[in-house]
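Hello,

Here is the structure I promised to pass on to you. Have a look at it first, and then read my notes below.

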Amino acid sequence: MSAEETHQASAEVAARVERRWATIAVIIVVMMALLAAFAGIHRATMPQPRVETIDPARIHLSGEFVEGNLGSVLEANGTVTVRAIGQQYSFTPACIVVPADTPITLRATSADVVHGILIQATNVNTMLVPGYISEQLMRFTRIGDYLMPCQEFCSFGHEGMWGKVKVIDKAEFADRAKGGGRLSCVGQ
Ligand code: CUA
């Protein structure tokens with residue numbers, strides 16, 4: 001084989017390999033787009049449809065996240081709203097009580113630095129960013145206690161920042177919610 005032919009052959013090999021890798025790269029991009037669409041349509045993961053802001057220095061003074069408004073509340077339409085805040089180094093309420101088999105909206109924010117809420121054995125996992133309200137839909141099918149660690153490093157006490165979610169029977173929750181007010185399992 002002449003030098004000319006050798007050069008020609010290796011150029012062909014390079015072109016073939018390049019085409020193959022370009023095809024693989026395109027397939028990966030298309031697959032990622034399809035996965036994002038699938039996850040979004042099924043609400044497993046969704047970009048925030050809207051951004052809600054809040055002044056972290058004033059959350060304890062007035063508005064939705066004052067202490068008396070934290071915890072779980074049964075709404076008129078049968079769903080439950082849970083409001084919570086994270087601060088160095090605890091959640092309020094430290095123990096959240098919710099009914100099983102009920103659509104639940106978690107609304108939470110941070111009073112100081114970035115924290116995270118992760119509920120064991122579920123896909124509930126959201127960051128609490130000071131200045132913003134995080135909202136996540138959730139539903140529990142199994143009664144029991146779930147650990148809720150802070151999943152974002154928030155300084156020296158981070159590893160001790162744990163909460164709990166107690167999922168109870170739907171009828172029992174409705175019974176406890178009859179008196180109105182905000183429910184939590186702190187102190188039980
Ligand atoms: Cu709060 Cu880590």
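Let me start with a helix and the strands under discussion. Helix 2 lies across strand 4 and strand 10, and runs at about 115 degrees to strand 4. For such angles, axes are lines fitted to C-alpha atoms, for helices over the stretch in contact (heavy atoms within 4.5 Å); the angles run from 0 to 180 degrees between N-to-C directions. Helices (H or I, at least four residues) and strands (E, at least two) are DSSP runs, numbered from the N terminus.

Before you go further, please keep in mind that this is a predicted model, where local features need pLDDT of at least 70 and side-chain atom pairs count only at pLDDT 80 or more, while totals for chains, interfaces and linings use all residues. Residues are numbered from 1 along each chain as its sequence is written, and side-chain values use heavy atoms, with hydrogens and water left out.

Three strands form an open sheet with mixed pairing, in the order 4-10-9; two strands pair if DSSP finds at least two bridges between them. Strand 4 and strand 9 are the edge strands, each pairing on one side only. From one strand to the next, the twist averages 25 degrees. Strand 9 and strand 10 run antiparallel and are joined by six bridges. In strand 10, Trp-162 stands opposite Pro-149.

There is also a hairpin, formed by strand 1 and strand 2 with five residues between them. Gly-78 in its turn has a positive phi of about 90 degrees. Four bridges join these antiparallel strands, strand 1 covering residues 71–74 and strand 2 residues 80–87. Leu-74 has Val-80 as its bridge partner in strand 2.

What about the inside? A nonpolar core is a set of buried Ala, Val, Leu, Ile, Met, Phe, Trp, Tyr and Cys residues joined through side-chain atoms within 4.5 Å, where buried means under 20% relative accessible area (1.4 Å probe, protein chains only). The largest core has 30 residues, and Val-98, Ile-117, Ile-119, Phe-140 and Val-165 touch the most other members. Strand 4 gives the largest share of this core, four residues. A second, separate core of five residues includes Ile-59, Phe-65, Leu-70 and Ile-133.

Finally, the chain is divided into domain 1 (1–45) and domain 2 (52–177), with bounds from an automatic or database domain assignment. Their C-alpha centres lie 44 Å apart.

Enjoy exploring!

Note on methods:
Buried < 20%, exposed > 50% of the residue type's maximum accessible area, 1.4 Å probe, protein only.
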